[in-house]
Amino acid sequence: MISEIRSTAAQKLRNEDSGFHKFVWLHSAAPIAVSGLLVVLTLLSDRIAPEGGLSNMETHTMITTALTLLQLAASVAVLFWDAGLNHLTLAFLRGRPIGVASLTKGFSKIGPILGSWIFRWSSYLLRMMVAGTLSSILMTMVPVPTSMYQEFSDFAASPALPVPGSVLTIVCIYFALYLMVLAVILMPVVYRHRLTAYCIIDDQPTGGLRAVMQSSLLMRGNRRKLLKLDLRFWWFYLGEAGVLALSLGSLYISDIAAGSWLFPLLALIFQLGLYLIAKPKMALCYGLFYEQILSAQAEAIEEQPQ
């Protein structure tokens with residue numbers, strides 16, 4: 001199934017003449033351009049009203065608040081913008097006209113998209129807290145010398161740089177346990193919900209909670225297939241991890257004075273290149289995955305005895 005999806009996507013990309021590439025690139029470039037603009041505005045705000053001094057305090061607070069609100073608005077808007085890419089992809093696969101209007105379709109589904117996001121993340125956060133508790137219990141079973149725990153307690157009471165090696169060791173062990181527990185109790189649920197946005201943006205009007213339930217039904221028996229498809233794009237997800245690491249470059253390379261804005265901008269440039277290369281084929285592959293599951297479900301319903 002996965003090989004068929006990839007070959008079909010590659011063939012459609014070679015033969016398409018509707019501008020699908022162009023619209024996917026627009027979808028990728030728009031949020032990155034907004035993020036770059038916010039980085040520049042943050043840099044300019046520091047020059048307009050630098051911290052310090054009573055005369056600058058009010059202006060600096062107002063600008064910082066405005067930038068924070070803009071960043072929050074941009075983060076929320078991405079939810080609806082990404083749903084628009086799903087609509088564009090499904091329209092292209094079904095032979096319908098596509099355009100910029102397809103990318104904005106998610107903004108007409110604000111209620112269902114927000115509702116599904118709140119429901120899913122409430123479930124995810126609960127599982128994250130459970131994973132934290134279980135990891136703490138497992139940590140007590142790890143044969144770590146008492147002296148290391150003592151050093152960790154002393155460091156927690158009065159943190160200071162450099163961080164002792166024993167503290168880093170305990171933190172690494174804990175996060176390794178946490179990630180393993182989280183993978184067991186969270187990832188199956190995340191994969192059940194992966195088709196929620198497609199269900200919302202598809203032709204039939206669907207509420208947020210109903211879309212989550214519909215996604216869970218569609219993904220029954222198909223989670224492993226989607227995992228295999230994800231693994232085919234391992235290089236993309238590794239690249240995204242590299243983008244995140246690059247954006248935080250100023251935390252571990254403090255010698256560069258302009259690092260606070262240079263590293264985020266370099267990360268956005270790298271992210272744009274990665275998206276331009278990967279996004280068209282990825283969008284089609286995941287859209288084809290959804291279409292094949294819908295088709296299989298329809299066939300199963302037809303084969304049921306009346």
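This is a predicted model: local features need pLDDT of at least 70, side-chain atom pairs count only at pLDDT 80 or more; totals for chains, interfaces and linings use all residues.
Residues are numbered from 1 along each chain as its sequence is written, and side-chain values use heavy atoms, with hydrogens and water left out.

Rings first. Rings of Phe, Tyr and Trp (its six-membered ring) pair if their centres lie within 6.5 Å; planes under 30 degrees apart are stacked, over 60 edge-to-face, the rest tilted. By that rule we get 11 aromatic pairs. Take Y198 and Y290: centres 5.1 Å apart and planes at 20°, so they're stacked. Y198 is in helix α9 (residues 196-201) and Y290 in helix α14 (residues 259-303), so this pair ties together parts 92 residues apart in sequence. (Helices are DSSP runs of H or I, at least four residues, numbered from the N terminus.)

Are those two buried or exposed? Buried means under 20% relative accessible area, exposed over 50%, partly exposed in between, with a 1.4 Å probe and protein chains only. Y198 comes out buried at 8%, and Y290 is buried at 1%.

Next, F233 and W235 make a tilted pair, 6.5 Å centre to centre with 55° between planes. F233 is buried at 2%, while W235 is partly exposed at 33%. R6 also lies over the face of F233, 5.6 Å from the ring centre; the rule there is CZ of Arg or NZ of Lys within 6 Å of the centre and within 35 degrees of the ring normal.

Lastly, M148, Y149, E151, F152 and F155 in α6 meet S166, V167, T169, I170 and V171 in α7, contact being heavy atoms within 4.5 Å.

Notes: Helices (H or I, at least four residues) and strands (E, at least two) are DSSP runs, numbered from the N terminus.
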